[in-house]
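Me: I am new to reading protein structures, and I would like to go through one slowly, feature by feature. Could you give me the general idea each time, and then the case at hand?

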Amino acid sequence: MEKYVCVHGHFYQPPRENAWLEDVEMQDSAYPYHDWNARITEECYRQNAASRILGPDRKIVDITSNYERISFDFGPTLLYWLESHAPDVYEGILEADKKSRARFSGHGCALAQVYGHMILPLCNTRDKHTQVIWGIQDFKRRFQRAPEGMWLPETAADLPSLEVLAEHGIKFTILAPRQAKRVRKIGGRRWRDVNESHVDTTIPYVCNLPSGRQIALFFYNGPPSHDIAYGGLLHSGENFAARLMDAFPKDGSASRLVHVATDGESFGHHHRHGDMALAYCLHQIETNNLAKITVYGEYLEKFPPDHEAEIWENSSWSCAHGVERWKGNCGCAADHANSGKQQWRAPLRQALDWIRDKQIGVYEERMSKYHSDPWRLRDEYIHVVNDRSPENVEEFISKSTGRVLDLGDKITFLKLLEMQRNAMLMYTSCGWFFDNIAGIETIQVMQYAARSMQLCQEVQDWDLVPEFKGMLESAPANVRPFVNGREVYEAYVEPARIDLNRVGAHVALSSIFEEPAEGMMEVYCYSATMEDCERTEAGVQVLMSGRVTIRSNITFERHAADLIVFYLGDHNLFAAVRARMDDDEFRRVREELIQAFRRGDSNEVMRLMNVAFGGKNYSLSHLFKDQQRQVLNDLLESTWEEIENSFRHIYEHNYAIMQMICNMNMPLPKALSAPAEFVLNEDLCAEIQAEEIDVKRLRNLSGEAERFSLSLDTERLSFEGSHRINDLMDQLADAPEDVELLCSIEESLEILRLLTNTLDLQNAQNVFFSIAKEKWRQMKRRAAAGDEDAAKWVEHFGNLAHHLGLAIP
């Protein structure tokens with residue numbers, strides 16, 4: 001029997017971008033990282049681009065890219081984020097697909113993915129087509145080839161969805177074994193009913209579609225796939241390999257494929273070092289010739305299906321009830337304790353369906369003015385989504401309309417397409433997958449709904465929000481303090497809503513803390529041009545006035561505004577923004593405000609702001625989240641210093657009594673341990689971040705924490721320590737023979753290992769391997785010839801290998 005093995009990783013994160021800013025804002029739950037995309041990139045996506053293989057002594061003997069040897073798909077919206085925020089990881093993924101073609105007979109390891117992770121069986125026909133087309137076009141742009149296979153979100157399938165895949169040239173997809181209904185030999189008469197326990201997953205099947213088209217289906221092996229995610233199979237790469245080999249049939253001589261599929265985040269994010277288990281599994285299989293590693297496209301070419309299959313309609317891999325998880329209270333829940341408490345799912349989907357259907361007529365009627373086939377135009381809009389440069393957008397508009405549009409028509413044209421884009425993003429599957437209507441994933445899809453409704457109102461003057469919120473009243477909340485979905489929407493979505501005036505307010509509020517530079521500045525997906533700025537100060541108080549022009553880089557909409565900012569000190573910050581006045585009126589208002597400010601008449605300043613700017617005021621809470629956090633930290637800097645000084649006073653003046661308590665084997669009272677923990681954590685982080693690490697002081701601080709049995713912020717220390725070591729190793733890459741630097745890294749690593757055992761040393765290990773391959777033998781020869789500096793280098797380089805857990809190649 002010819003044995004083949006394929007591991008498929010479905011790499012995906014729900015879109016996390018603010019629907020108005022087109023970028024991911026700070027997410028506190030991802031601490032110490034900026035957001036969950038950043039955190040999971042470091043824990044998983046980067047790890048799999050350079051995964052470690054351990055030798056018998058548990059030392060790293062090789063570094064390899066898992067992406068080159070597995071089948072994988074990446075969410076297009078995730079790749080969009082990686083392209084700008086982690087370009088080295090992004091390029092590593094694309095390069096892996098290129099290299100895999102040489103390994104797998106010309107077949108790349110990457111599969112396409114339906115663009116917005118919508119559950120296709122629950123989509124209308126137009127959305128099915130657009131989502132598949134966008135997924136294919138996005139794949140072609142990035143991987144520079146057409147995709148052979150496509151991943152269906154949650155493997156949710158029905159015949160109409162498979163028809164759309166086949167119509168657009170997709171050769172195969174991957175499904176769960178429970179989605180197989182019955183099978184038979186091609187040309188045979190009798191069907192055989194199957195279930196997830198009895199379908200033969202070691203062969204591909206053809207699915208004959210009602211249109212006469214065909215698509216190949218691979219039903220992955222269920223038990224090992226489940227155990228990768230939930231059964232601890234990634235605790236050992238050797239066991240992982242053995243489990244895959246045990247899955248081959250015990251008899252027969254025909255070629256067979258054992259293949260598994262799981263969320264790619266299992267390999268590093270959900271399971272720490274899961275990427276290493278995967279790397280070792282593949283290494284074990286290849287080096288021992290247990291089977292041939294392959295990908296689906298290669299296997300399909302070598303062994304075309306000789307069986308056909310029918311599927312269960314509306315089935316998926318993560319809902320035993322089909323696709324009910326994304327439209328009803330079927331009992332599926334992330335936390336089994338919450339099973340049956342998702343009555344909110346159906347009303348939410350019904351409300352979004354209502355928005356979608358109301359906007360169809362608007363889109364068709366208004367867009368037909370510009371294009372004879374509005375839906376084909378939407379299919380082509382992916383070329384703008386992936387390239388927002390003004391030149392590309394202008395070219396798309398002129399080619400699509402066949403004429404030159406004035407600015408107003410361009411804005412309407414783009415708003416209609418953006419309305420449709422957001423109306424698809426609001427169906428991202430994660431909005432229903434989890435248990436809580438107030439969860440960040442569900443709030444995200446409601447943000448997209450809000451943005452879509454806002455655009456609809458701007459082009460059609462239809463306000464859909466009141467009726468939509470009324471529908472959300474039927475979606476019961478299952479978390480306090482909310483009663484229903486309307487309250488969640490009003491608490492989290494409405495405050496995030498942005499218009500161009502709000503962007504102007506952000507620019508105005510920010511200008512108090514950053515000297516406003518006249519000229520153009522970028523504010524997320526907007527451009528702001530400041531002019532005629534005047535700043536007046538009196539002690540801590542500041543009055544700033546100016547004029548600003550805001551432009552949306554997405555819809556080309558422009559807004560000229562005048563602004564006033566009044567800062568009274570501390571967190572007392574107020575701004576007023578209104579549409580541009582005529583020049584004389586603006587000068588008059590500004591002069592009146594400055595006169596009142598110079599008199600110290602704060603009440604009059606506030607009154608004039610309200611009268612001249614229509615009573616629409618903004619405060620610190622209206623800053624966008626990242627800038628808001630930065631400003632708050634600046635404002636509270638003196639407060640933090642006071643707190644730290646108080647804690648340091650408690651710690652230092654009670655040090656002797658703390659020693660006495662510990663000597664008596666008594667636990668420290670919280671009133672003493674809390675300040676001590678704060679002080680030591682701050683001092684440790686400050687020392688790690690210092691220009692030159694004082695290893696002796698780091699060791700003393702660590703000893704004090706241990707002596708007093710204090711809890712260290714290991715997550716933050718790991719984050720800061722990892723960055724510091726990786727930075728030092730980058731310096732070593734530039735000066736690989738610097739023995740003093742080598743010793744500093746060695747000592748720093750030794751002490752950091754005592755503070756935390758979760759350092760991320762991937763970059764450091766990569767650099768070490770590169771230096772070792774280039775320098776090790778040369779320095780060994782020099783040391784053997786009597787070069788004392790080389791001998792010292794060899795000694796400390798070997799010590800560093802030990803601390804990094806590496807075997808020198």
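Reply: Let us begin with a term: a salt bridge is a side-chain nitrogen of Lys or Arg within 4 Å of a carboxyl oxygen of Asp or Glu. A search of the whole structure by this rule finds 57 salt bridges. Before we go on, note that this is a predicted model, in which local features need pLDDT of at least 70 and side-chain atom pairs count only at pLDDT 80 or more, while totals for chains, interfaces and linings use all residues. Residues are numbered from 1 along each chain as its sequence is written, and side-chain values use heavy atoms, with hydrogens and water left out.

Me: Which residues does glutamate 418 form a salt bridge with?

Reply: The general idea is that side chains of opposite charge can pair when their charged atoms come close. As for the names, helices (H or I, at least four residues) and strands (E, at least two) are DSSP runs, numbered from the N terminus. Glutamate 418 also forms a salt bridge with arginine 421, with the closest N and O atoms 2.8 Å apart, and these two both lie in helix α14, three residues apart, about one turn of the helix.

Me: Is glutamate 418 buried or exposed?

Reply: Buried means under 20% relative accessible area, exposed means over 50%, and partly exposed is in between (1.4 Å probe, protein chains only). Glutamate 418 has a relative accessible area of 2%, so it is buried, and arginine 421, at 8% relative accessibility, counts as buried too. Arginine 388 is also buried.

Me: How should I read helix α26, and how far apart are its end C-alpha atoms?

Reply: The expected span of a helix is 1.5 Å times one less than its number of residues. Helix α26 (residues 695-707) has 13 residues and should therefore span 18 Å, and its end C-alpha atoms are 18 Å apart, which agrees. At its N-terminal end, aspartate 694 caps the helix, with a side-chain oxygen 3.2 Å from the backbone nitrogen of lysine 696. The buried residues of α26 are Val695, Leu698, Leu701, Ser702, Glu704 and Ala705. What covers them includes α23 (637-653), α24 (655-663), α25 (670-689) and α28 (739-755).

Me: What does arginine 697 meet in a salt bridge?

Reply: Its side chain meets that of aspartate 683 (3.7 Å, N to O). The pair links distant parts of the chain, with aspartate 683 in helix α25 and arginine 697 in helix α26, 14 residues apart. Aspartate 683 is at 12% relative accessibility and so counts as buried, whereas arginine 697, with a relative accessible area of 35%, is partly exposed.

Me: How do I read paired strands, and how many bridges join β17 to β18?

Reply: Two strands pair if DSSP finds at least two bridges between them. Strand β17 (residues 541-552) and strand β18 (residues 558-569) run antiparallel and are joined by ten bridges, and in β18 the bridge partner of methionine 544 is valine 565. These two strands form a hairpin with five residues between them, and phenylalanine 556 in the turn has a positive phi of about 70 degrees. Strand β16 (residues 526-538) also pairs with β17 in the antiparallel sense, over eleven bridges, with tyrosine 526 standing opposite serine 552 in β17. Strand β17 is mostly covered, for ten of its twelve residues are buried.

Me: Where is there a cis peptide bond?

Reply: One joins tyrosine 31 and proline 32, with omega about 5 degrees, and proline 32 lies in the loop between β1 (3-11) and α1 (36-49). Another joins arginine 480 and proline 481, again with omega about 5 degrees.

Note on methods
Contact means heavy atoms within 4.5 Å. A polar contact is a pair of N or O atoms within 3.5 Å; within protein, one must be able to donate a hydrogen and the other to accept it, and residues adjacent in sequence count only if both atoms are side-chain atoms.
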